[in-house]
Each structure stands twice: as C-alpha cells, then as structure tokens.
Amino acid sequence: MNAPPFPAIIPGYYRYSYRLILMNRILSKTQLSDDVFMMKVEAPLIARERLPGQFIILQINNDFGERIPLTIADADAEQGWIAIIFQTVGRTTHLLAEKNVGDTIESVLGPLGHPTHIERVGTVVCVGGGIGVAPLHPIVKGMKAAGNRVIVIMGARTKSLLIMEEQMRALADELIICTDDGSCGRKALVTEPLKEICGREPKPACVVAIGPPIMMKFCAEATRPFGVRTLVSLNTIMIDGTGMCGGCRVTVGGETKFVCVDGPEFDGHKVDFDNMMKRLKAYRRQEEHAHEQCHLEQAARQKGAAVA
Amino acid sequence: MSHVTRETLAAAAKRDLEAILQRGKPLTPKERLAIVPQEMPTQDPQVRRRTMSEVALGYTAEQSRLESLRCLQCRNAPCVEGCPVRIDIPAFVKAAGEGDIQAAIGIIKRNSLLPSVCGRVCPQETQCQENCTVGKALKDTAKAVAVGRIERFVADWEREQGKALPPSVKPETGRKVAVIGTGPASITVAADVRREGHQVVMFEAFHKPGGVMVYGIPEFRLPKRIVEAEISALQAMGVEVRTNFVIGRTRKLRDLLDKDGFDAAFVGTGAGLPKFMGIEGENLVGVFSANEYLTRVNLMKAHDFERADTPIFRSRVVAVLGGGNVAMDAARTAVRLGAEAVHIVYRRTEKEMPARIEEVGHAKEEGVIFHLLENAKRIVGDEQGLVTGMECLRYELGEPDASGRRRPVEVKGSEFIMPVDTVIVAIGNDSNPLIPRTTGGLQVTKWGNIIVDDTGKTSIDRIYAGGDIVLGAATVILAMGEGRRAAASINALLKG
Ligand SMILES: Cc1cc2nc3c(=O)[nH]c(=O)nc-3n(C[C@H](O)[C@H](O)[C@H](O)COP(=O)(O)OP(=O)(O)OC[C@H]3O[C@@H](n4cnc5c(N)ncnc54)[C@H](O)[C@@H]3O)c2cc1C
Ligand SMILES: Cc1cc2nc3c(=O)[nH]c(=O)nc-3n(C[C@H](O)[C@H](O)[C@H](O)COP(=O)(O)OP(=O)(O)OC[C@H]3O[C@@H](n4cnc5c(N)ncnc54)[C@H](O)[C@@H]3O)c2cc1C
Ligand code: SF4
Ligand code: SF4
Ligand code: FES
C-alpha cells in the first residue's frame, strides 16, 4: 500500500473520458418526509432504456464509496432524467441526501434487473409499505396504462412518513391508506385490507407488494390461502448488480437466485424471507457504526458552517 | 523454509555476476547450469500478513542478468512452445543477459501487450517453464530458467524508467469498434485495433476498468497501478473508456451496431458468474463467493476500515473451498484482514491444485492451513443464521480411472465438523448470461460460453468474442492471445 507509485503514463490517471456519458448531475431535489428524498438525476442513457421495476446502482465516490441499489421511481426519456426516491437509513443514503441541485454523482449504473411483467390481467392490487411506495409508483403507472383496474394500499407507521399520496391518488382506482397509529386512514397493517380484497368476488388477478421484508412476507402469507399470485420486489444487499458476486442471493422455491439479475421481483409465495432478513443484517454492526459516524460528521459540518 | 531477505539475495547475485563478467569469456553450457537459480525476493511472511502491498518484490538488475545467463539458448526452444503467445524467449532472455533491457522488452512486446502482468500471474510452471531444458537437466521444473520473473523485471524497468510509450496510431480511418469489458482480452483488442487507426470505445460495467485484474486478483499479487498504467496507455492512444455501462442493459449489443454506428464489436466479458456447491446452509450469513469477498476488498477497498464505506465480514476462522488461484487469493486476503485461522479445503491432493505453485507456497508461508482430500458436505449455522461450522467429509484416492488419474472417493462415515464463522466458496466461475440473453442469435455452449470460429467471430456477423467468456475461466495470457486473434480479424474486416 505504501509502495511509491510508478510514474503513470498520463498524469492524473482515472480521468476516464466521460465525453459521452453525461455527468449524472442532480437536476432537482425534494424532501418528501422527514427522512425521504426525491432527486431527479440527468442520466439520458438509462432514461432511454429503463422500464418499470428496474433499478440503478449508484456510488457517490468511486474510491471509497459503497455501491447501493435504488429503484428508478420515474423517468423521462425525452428530457433524459431518472428520478430516485430514497430513505436515509445509513451512510451512503445520508451522503446522498446532502448533495444539492447541480452536484454530480460519480457513478450511476443501470437500468438493472428484469422489468416488471406488465400486462392487462384485470384487477391488480399494489401494496406499498414505507419507502416501498416509491418503487411501487412506476409499476402502478404501468399497470394502469396497460388497462388494469388498480387498487393501491399504502402503509406507514404514522402520517408524517407517508409519501406520494397525491401521485397515487391520481392513478389508483381505489386507494387505501393504513397507519400503525391511525393518524391517517385506517389504523391497521396493510395485510388487513389486502385480505379483504382477496376475499372479494371476483378475486384480484394479482398482487404486487413492495416494502420492508417483513411486510412482504406477511402480504405473501395473506394472499396464499386465496391463491392470488403475489409479486414481491426484494431489496437485498448488492455490490455489482450484474450477477458477478452472488452477494444478493436469496432462496426462492428451494433454489438459489440472484436478485440483481434473476429479479428483483419474485413469486412471494416461494421466497424464503426469513433467510433473506438474516442476510440483510450481515453487516449491521458495522453499518450502525458508520451511520453514527455519519451523523457526528454531519453535525460537525453544520457547526462549522454556522461558525463560518 | 526460512525467509531470505532481498538484500542477501541481491548481494549474492551481485557477487556472482561480477565474477562471471570479470572472466570476460562466454559461458559454457555447464557453467550456465552451475549458476544458482535466482530466488524471487519477497516480503517477510510475518510482515506481509498484515499488509496488502506486493509480496514478490521483483528481481534486482543483477538477479535478472544472472538468471538470464542460465538460459542455454536452445535451438528448438521448447519454452516458446509452452508460451500461449509464443514470445521469442531465447532472444529476449539473451538480451536481458547482456543487460540490454530495452532490446529485451522490445522482443517481448512483439507478442505480448501485458508483460508486467503476465510475468507476475502466468502459471509459468505449466507453460514456458515446463519444458525448459535447464529445468529438465536439473531434474526440477522449479529450477527451470525463471522466464516469467525476467519478463516481469524488464517490463517493470521499462515502465519505471518512463520508457513505456504508447504505441503509435495510424491515421484515422473513421471506422468505429466497440469493445465490451476491460479485462486482458479487451485491453489487447483495444490496443491492436486502435493502432490501425480505428476509433475504439470500451464499455465497462464497473466503475473502474481492468476486469479481474482489478476486482479479483489482489493488490499483494498484482498492484493496481500496473493495470492502471496499461489503461492509461490505451487512453493516450485515444481509446475511450466508458465505465458504469453495462451492455445488455444500458444498451443492447445489437443496438451498438445497428443504431450507434459501430462497425464491429468485441465481447470480452469474462467468466463472472460464481458457482456454488448447492449444499445445505450455503445461503447462511458468513458464506461468500470468492468473487464477492475479493471484490469487496480489491475494488471497494473494504480492508481500509477507516475510509471505505463498503463493509467486510470480520472473520475469526475462515474455510475456503477450492484449490485454484482464486482460493489462494481469498485465503491470503482473509489472513490480511486479521482472521485468526484460515483453512483451505480441497477435494484432491496438492498435485492436482490448479493454483500457481508459487502462490501455494506463499499461502503456506503466511500460515494458511491446507486440508487435502476433504470436502464440505453442509454448512451449519445458529438461530440468527450465522455460520458456526462446516461439516466435512474425508476422501481417499480410488482406483485410477480411464485417464489414469486416481479419483478421490469419499470415506464413508468420515464426517466431522470444522468450527468456522466464514466460508468462502472458490470452486470456479461460469459465464455471465447477460449478453447472450439480451442478444438474439448469439450462440453459446451448454455452459454458456460464446461460440466462436477460428477467427474469433461469433455466430453474428461483425461481433467477435474472446477470453474467459469463450474459454471458460482460464488465464490472463490466454485471454490476451484470444484478443490478438480477434483484433487481427476485426482489422482485416475493416480493411476490406
Ligand atoms: C433492487 C433494490 C431497490 C431498492 N430501491 C430502493 C429505493 O427506491 N429507495 C430506497 O430508499 N431504498 C431502496 N433500496 C434499499 C437501499 O439500497 C438501501 O437502503 C441502501 O443500500 C442503504 O445504504 P446506506 O449506506 O445508506 O445504509 P447502510 O448503512 O448500508 O444500511 C443501513 C440499514 O439498511 C439496511 N440495508 C442495507 N442494505 C440494504 C438493502 N439493500 N435493502 C434494504 N435494507 C438494507 C441495513 O441492514 C441497515 O440496517 C433498494 C434495494 C434494492 C436491492
Ligand atoms: C481471483 C482470481 C485470481 C486469478 N489469478 C490468475 C492468475 O494468477 N493467473 C492467470 O493467468 N489468471 C488468473 N485468473 C484468471 C484471469 O484473471 C482471467 O482468466 C482473465 O482475467 C480473463 O480475462 P477476460 O479479458 O476474459 O475478462 P475479465 O478479466 O473477466 O474482464 C471482463 C470484464 O468485463 C466486464 N463486463 C462483464 N459483463 C459486462 C457487460 N455486460 N457490459 C460491460 N462490461 C461487462 C466485467 O465487469 C469485467 O471487468 C484469476 C482469476 C480470478 C478471479
Ligand atoms: S528452454 Fe529454457 S534454456 Fe532453452 S531457450 Fe528456453 S528458457 Fe532457455
Ligand atoms: S507470457 Fe507467460 S507463458 Fe509466455 S513467456 Fe511470459 S510468463 Fe511465460
Ligand atoms: S449484486 Fe452481485 S450478483 Fe447480484
């Protein structure tokens, strides 16, 4: 590590030609709730190819940054941007939230994963929990455009954490809001209305559930007795996102699958959620430390700014 | 084996070389055979267990000359036969023996574009050094002329002296070639095609170019700055490198040709799909593919606990499954990350291990424990899903099979539990299916390798392929050789 560097042929190596890749510039930034942000990022190549259900991997700093997956929440191929909606849960998402309009993100890779299979099937129930509402949005949009009747169930712990209510209301044929504390909509978990809807005649043709793993697990359990096909979008830890590392693997129907290339959507009735949840915690101790560190640094920066 | 310091080796070489030069007479073959084979100076194993910096320090100038003088300049040069790209070994070794390093590197570069890399990572003992006459005469391949080490010395010398100038480029032809991937196969194609004056754009899925040389092979074996210098050279030639661009997703392969104006494409996407064993417990927390483990450290710098945002599992006792270079790299990386004990579990015997002999030796010196004729049966964990142990089976060598090899057969009832908290699976890689899946009409074998004809062309016109995506997990030098062949075909195509 401490060996003297060989004289590089061109000074300032790693200055790759970005001539044709646009700079991943942040075009807008909106705070949707306490800890949820939306950003539009200039990424014309990704905007051109992406379909609902696909995601990107971004990295804030190419030398020491982590690569994190985020769903493409929206995109405009003409204008050449994609939108991401993210919750600040750890170091990278915090650093991202500190970026402002005009800043750039060093790496943005995508669109990754299989797009959602969207076709006209009749009635579709889309269930979003917490930040899961963001990745659900393009799917709701697609399902609606394909001519389906779309019922949206949105859940959050409390009213202030609900996001994208307006957008969903504009799209959904029926919108059900649930909060754990009853501060908005029904005081219930999303599984409650989901079961009721599955009990209706005719049954919905399919359910798409995106949210915390525990929510997806119980949504799948809720629909299982009704035999309603249930898609879930898995959010495992990833590195490359191209099928190279196997870090994102999950057990589906007894087989090992790579979420980044075989997914991210799978048949919820076959996913081994318990194993997936354990795998998500693999680095918990280190992540908590980094998160704490991040808050300390942030506080120090703010203090510094106040002094200056 | 006690560790001999670089200074000691250097002093001995200096003395021996001076003695030879003072005589002023050409050496007889017998005298050449009597020269002490030059040992590669290395970092002290106790020190290097805690650092990522390169283990093999490279010959000194005197060692390089002395080692070169051991070469008998065989007429039939069996060494050349063993080198996949047919470097004129006697000629470059002769120049190196005369101290004319510039001439030596010039000869190597006629055939190889990446001598600094190949000198370090080629499995020389099964290639150029396998049939070396000196090795045969001394009845030990390990005593063959150390062609790779001399090659490394002259290539490093050239770069360190700032003499590694990018090759000249012919006038622009206006033709455009897409090169997918940035591993050794792709680097070779990019250079050879660009030299003819065609425009070249390389596409890389990762945020840094270099392929396995950057994300897989660790710094302690192949310093990143060497690969960086090769990429810089390409850029100096005018090759454009686009990172964060995954073909098949960001753009389809066919679209490059049909819509984006490329006249030809080369696919060098490697063998990046980790194999797992398919045993119970493989998805527990603490089980990694070697690709994941090595990528976290090499590409994402997770060993730099202070600065890197990417975490790495802090292991105490590690078992690595496999016996190839990848397994050695994973095991030695785990040592450096502070594991208390690192075990390599391999189903066959040491003789069958596909890893380079030098690396097996280095791993042993660094305290890696080898379990031969053993294999994992299942991985066990606790209620939180964390690995607590691995159940292994013992094997013994059975009757020779048709090929004369004695196959390992399991010893019934020999199960035992090895207590470990980390299991790294390094049993090989298959080809990544992304491009075949998204490119209609691209023919692949049943293992997913792209099929090419003897010009390197795939089943689709104007699309060529080479390296691990064609050969299955192979070597750097073979990937380079494939790249050369495809580049020649592409250049011929664009000429007509
Ligand atoms: C296909 C896919 C799409 C995703 N889409 C979105 C999205 O649109 N919006 C969004 O906010 N998040 C999304 N995620 C989750 C997002 O990737 C993680 O929140 C992010 O990696 C956390 O990084 P961090 O460094 O800020 O936090 P870390 O410090 O890495 O983690 C903080 C906490 O989050 C958990 N965590 C870590 N990685 C993940 C992960 N991949 N998924 C879930 N939890 C994780 C950790 O266990 C830890 O408790 C998606 C994940 C995947 C796989
Ligand atoms: C840990 C390890 C140790 C090794 N040790 C040795 C050794 O000591 N000696 C030796 O000779 N060989 C060794 N090898 C093997 C050697 O590295 C490979 O044979 C060689 O690198 C193959 O070169 P390649 O050009 O075919 O592709 P790779 O080096 O595999 O590069 C392929 C590149 O293509 C990129 N890519 C893949 N798909 C896409 C896509 N769709 N779009 C854009 N880019 C894409 C990848 O990200 C990657 O960067 C080792 C391999 C590993 C993993
Ligand atoms: S076989 Fe050995 S001794 Fe003969 S030319 Fe080659 S390197 Fe020299
Ligand atoms: S390229 Fe490899 S095989 Fe060929 S001479 Fe060099 S080290 Fe030997
Ligand atoms: S993220 Fe590496 S294989 Fe999916």
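Which element gives the most to the shell around ligand 2? H16(B) does, with 3 residues.

The views show a predicted model, in which local features need pLDDT of at least 70 and side-chain atom pairs count only at pLDDT 80 or more, while totals for chains, interfaces and linings use all residues; side-chain values use heavy atoms, with hydrogens and water left out. Residues are numbered from 1 along each chain as its sequence is written, and chains are lettered from A and ligands numbered from 1 in the order in which they are written.

**View 1. The shell around ligand 2.** Ligand 2 has 34 residues around it, a residue being counted if one of its heavy atoms lies within 4 Å. Those that come nearest are B:Val121, B:Ala185, B:Glu204, B:Arg221 and B:Asp468. The shell consists of 18 nonpolar, 11 polar and 5 charged residues (nonpolar: Ala, Val, Leu, Ile, Met, Phe, Trp, Tyr, Cys and Pro; charged: Asp, Glu, Lys and Arg; polar: the others, Gly among them). Domain 2 (176–272 + 431–495) and domain 3 (274–429) of chain B each supply at least three residues to the shell; the domain bounds come from an automatic or database domain assignment.

**View 2. Backbone atoms at the oxygens of ligand 2.** A backbone N or O atom of B:Ala474 is 3.2 Å from an oxygen atom of ligand 2. For B:Pro184, the distance from a backbone N or O atom to a ligand 2 oxygen is 3.3 Å. A polar backbone atom of B:Thr475 is likewise 3.3 Å from an oxygen atom of the ligand. Ligand 2 taken alone exposes 1,000 Å², of which the protein buries 95% (areas from the Shrake-Rupley method with a 1.4 Å probe). Helix H11 (184–195), helix H16 (325–336) and helix H20 (476–495) of chain B are the elements that give two or more residues to this shell (helices, H or I, have at least four residues and strands, E, at least two; both are DSSP runs numbered from the N terminus).

**View 3. The shell around ligand 4.** Of the 13 residues around ligand 4, the nearest are B:Cys83, B:Cys122, B:Gln127, B:Cys128 and B:Glu151. Helix H10 (residues 147–160) of chain B gives the most to this shell, with 3 residues. By class, the shell has 9 nonpolar, 3 polar and 1 charged residues.

View 4. The search of the whole structure finds 60 salt bridges over all chains (a side-chain nitrogen of Lys or Arg within 4 Å of a carboxyl oxygen of Asp or Glu). In one of them, B:Lys208 pairs with A:Asp63, with the closest N and O atoms 3.0 Å apart. The pair joins two chains, because B:Lys208 lies in the loop between strand E2 (199–203) and helix H12 (212–215) of chain B and A:Asp63 in the loop between strand E3 (55–59) and strand E4 (67–76) of chain A. B:Lys208 is buried, at 8% relative accessible area, whereas A:Asp63 is partly exposed, at 36% (buried is under 20%, exposed over 50%, partly exposed in between, with a 1.4 Å probe and protein chains only).

**View 5. Salt bridges within a chain.** In chain A, A:Asp274 forms a salt bridge with A:Lys217, the closest N and O atoms being 2.8 Å apart. This pair links distant parts of the chain, 57 residues apart: A:Asp274 is in helix H8 (residues 273–280) and A:Lys217 in helix H6 (residues 213–223). In chain B, the salt bridge of B:Arg316 with B:Glu340 has its closest N and O atoms 3.2 Å apart. B:Arg316 lies in the loop between helix H15 (290–298) and strand E7 (317–321), and B:Glu340 in the loop between H16 and strand E8 (341–346), so the pair ties together parts 24 residues apart in sequence. B:Arg316 is partly exposed, at 49% relative accessibility, and B:Glu340 is exposed, at 55%. A network of salt bridges also links a set of residues that includes B:Arg221, B:Asp329, B:Arg332 and B:Arg336.

View 6. Of the 9 residues of H15(B), 9 are buried, so the helix is largely enclosed by the rest of the structure. Among them are B:Tyr293, B:Leu294 and B:Arg296. B:Lys301, in the loop between H15 and E7 of chain B, has a positive phi of about 60° although it is not a glycine.

**View 7. Cis peptide bonds in chain A.** The peptide bond from A:Glu201 to A:Pro202 is cis, with omega near -10°. A:Pro202 sits in the loop between helix H5 (191–199) and strand E11 (206–210) of chain A. Another cis peptide bond joins A:Gly263 and A:Pro264, with omega about 10°.

Methods:
A polar contact is a pair of N or O atoms within 3.5 Å; within protein, one must be able to donate a hydrogen and the other to accept it, and residues adjacent in sequence count only if both atoms are side-chain atoms.
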